[in-house]
Amino acid sequence: MISTTLYVLVFGLIAGLTLPWWGIGVAGFAAGLWKAPSAWKALGAGFSGAGILWLAAAGYIHLKSGGILTVKIAGIAGLSNPPMLVVLTALIGGVVAALAAATGYHLRSLLKKT
């Protein structure tokens, strides 16, 4: 599972440089299709890999902007605690990649049967 998590991290980083936000789903799908040993492990690896990546990216942006951007976006989203936006960002990225990784695993298992 650790290797699949690292694949999601690396693929997600590359996808983040070239694709919009949904590139993390492509990264999770590719890792699940290529490397995941089971559906549950694909789900966990996708969630943890993307969650760590997006938590680091959102935390970096928060620290680099002095929290100004986080406060403004949290105000628009109706959050009273701006650092919670960083955690929410990681959760959203994790869920997208987790579902994509599980889908990739299931596609691989389906293709093996035919």
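This is a predicted model: local features need pLDDT of at least 70, side-chain atom pairs count only at pLDDT 80 or more; totals for chains, interfaces and linings use all residues.
Me: Which helix gives the most to the nonpolar patch?
Reply: Two helices, α3 (39–64) and α5 (83–113), each supply at least two residues of the patch. With 7 residues, the one that gives the most is α5.

Me: Is valine 87 buried, partly exposed or exposed?
Reply: Buried would need under 20% relative accessible area, and exposed would need over 50%. Valine 87 has 40% relative accessibility, so it counts as partly exposed.

Me: How much space lies in the largest pocket, and which residues are the closest to its centre?
Reply: The space in the largest pocket is about 380 Å³. The pocket is lined by 21 residues, and the closest to its centre are Trp54, Ala57, Ala58, Ile61 and Thr89.

Me: Which helix supplies the largest share of the lining of the largest pocket?
Reply: Helices α1 (2–18), α2 (23–34), α3, α4 (68–77) and α5 each supply at least two lining residues. The largest share is 6 residues, and it comes from α3.

Me: How many charged residues does the lining of the largest pocket have?
Reply: Asp, Glu, Lys and Arg are the residues that count as charged. Sorted by class, the lining has 15 nonpolar and 6 polar residues. The number of charged residues in the lining is none.

Key. Residues are numbered from 1 along each chain as its sequence is written. Side-chain values use heavy atoms; hydrogens and water are left out. Helices (H or I, at least four residues) and strands (E, at least two) are DSSP runs, numbered from the N terminus. Buried means under 20% relative accessible area, exposed over 50%, partly exposed in between (1.4 Å probe, protein chains only). On a 1 Å grid over the protein atoms alone, a cavity is a set of points where a 1.4 Å probe fits but cannot get out, and a pocket is an open set with protein on both sides within 12 Å along at least five of seven lines; lining residues have an atom within 4 Å of a point. Grid points are joined across faces, edges and corners, and a volume is the space filled by probe spheres set on the points.
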